[in-house]
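Morning, everyone. Have a look at this one with me, and then I'll walk you through it.

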Protein chains: 2
Amino acid sequence: MSQAFQDTYPPELSHCYGCGANNASGHQLKSYWDGDETVATFTPGPEHTALPGYVYGGLIASLVDCHGTGSASAAGHRAQGREMGSEPPLRYVTGSLHVDYVAPTPMGVELTLRGVIEEVTERKVVVSETVEANGTVVAKGKVVAVLMPEGMGRG
Amino acid sequence: MSQAFQDTYPPELSHCYGCGANNASGHQLKSYWDGDETVATFTPGPEHTALPGYVYGGLIASLVDCHGTGSASAAGHRAQGREMGSEPPLRYVTGSLHVDYVAPTPMGVELTLRGVIEEVTERKVVVSETVEANGTVVAKGKVVAVLMPEGMGRG
């Protein structure tokens, strides 16, 4: 499998709780291309409970957020015809996040996040997402990702 | 100060990662009435980083989610003219969550969440929220909370 989007981020941009390779306490989400879509998987831990047997919606929102900004970075690089990891890095922050919870999410199951790139402009990428558990869509999301402001993460 | 909304939940509904009193690993968010608004405060830990110096948006989404469902429960009880903690408990799940990130959120600062009850129907409560850091609004949110389906949390 090719390198995860998040593993191409420079070290100083790899502290994110949701997806930073350098955050030992975090989720370390890993996202990949699957054709023109993006995909990531994550298995919630027992602490990520909402009600007994069901996954906490805030975790799902976090995963949608990080898969969205990761997908945005991948799409931004692809739109410029260059590899992730090349300079300068295109790193995105979340402008807005929307999640519709369409079914209760069972615990103890690997979740699959799929992203579709809806729009790429110079400063913005829009990603729509689904979250599946056992082949059933449990949540639908949309992330508007905005190119990181100058000076926010480096220097 | 009066009892936190979340501390009135029955024990079997107190496992939530974001706000359950019985989840030792979780955030244990506490929400209160402040007149007709609801308020909660939370200070992110160093692990809740997005980029160095800034708070992870997924955490903010989680807090908006839990303050929203907690506020919904409080508003649902108030609409029925009864105390939280009386039977049967009115516990809500998140139907949808929206967060606009309007400014970067600095680390090391207590965040204040404020909720305004927009709508209360028999099965649904809509809560709009702001998140402030150092007196500046850093995020705006909206939660559509839906009365918990029968059998999801009890029995």
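Let's start with helix H1 of chain A. It is mostly covered: 20 of its 23 residues are buried. Buried here means 20 or more other C-beta atoms within 10 Å of a residue's own; exposed means 12 or fewer, partly exposed is in between, and C-beta atoms are placed from the backbone. Helices are DSSP runs of H or I with at least four residues, strands are runs of E with at least two, and both are numbered from the N terminus.

Quick housekeeping. This is a predicted model: local features need pLDDT of at least 70, side-chain atom pairs count only at pLDDT 80 or more, and totals for chains, interfaces and linings use all residues. Residues are numbered from 1 along each chain as its sequence is written, while chains are lettered from A and ligands numbered from 1 in the order in which they are written.

Back to the helix. From first C-alpha to last, H1(A) reaches 32 Å, close to the 33 Å expected at 1.5 Å a residue. That expected span is 1.5 Å times one less than the number of residues. Just after H1(A), Gly81(A) takes a positive phi of about 65°.

What does H1(A) lie across? S1, S2, S3, S4, S5 and S6 of chain A, together with S3 of chain B. H1(A) runs at about 135° to S3(A). Axes are lines fitted to C-alpha atoms, for helices over the stretch in contact, and angles run from 0 to 180 degrees between N-to-C directions.

Now the sheet. It is open, has twelve strands, and pairs antiparallel. The order is S1(A)-S2(A)-S4(A)-S5(A)-S6(A)-S3(A)-S3(B)-S6(B)-S5(B)-S4(B)-S2(B)-S1(B). S1 of chain A and S1 of chain B stand at the edges with a single partner strand each, so one side of each has no neighbour in the sheet. The twist averages 25° from one strand to the next. Strands count as paired if DSSP finds at least two bridges between them.

Where do the chains join in that sheet? Five bridges link S3(A) to S3(B), residues 92-101, and the two run antiparallel. Val99(A) stands opposite Leu97(B). Asp100(A) has Ser96(B) as its bridge partner.

The hairpin has two residues between the strands, and Gly35(A) takes a positive phi near 70°.

On to the interface. 33 residues of chain A are in contact with 34 residues of chain B. Contact means C-beta atoms, placed from the backbone, within 7 Å. On chain A's side, H1 and S3 each supply at least two residues. The largest share, eight residues, comes from S3(A).

And the symmetry? A rotation of 180° with 0.0 Å of shift along its axis superposes chain A on chain B, RMSD 0.0 Å. That is the relation of a two-fold axis. Which residue of chain A comes closest to the rotation axis? His98(A), at 2.2 Å by C-alpha.

Last stop, Gly26(A), in the segment before S1 of chain A. Gly26(A) is buried, with 21 other C-beta atoms within 10 Å. Beyond neighbours within four places in sequence, its contacts include Cys16(A), Tyr17(A) and, across in the other chain, Glu47(B).

Note on methods
Contact = placed C-beta atoms within 7 Å. Least-squares fit on C-alpha atoms with pLDDT ≥ 70 in both.
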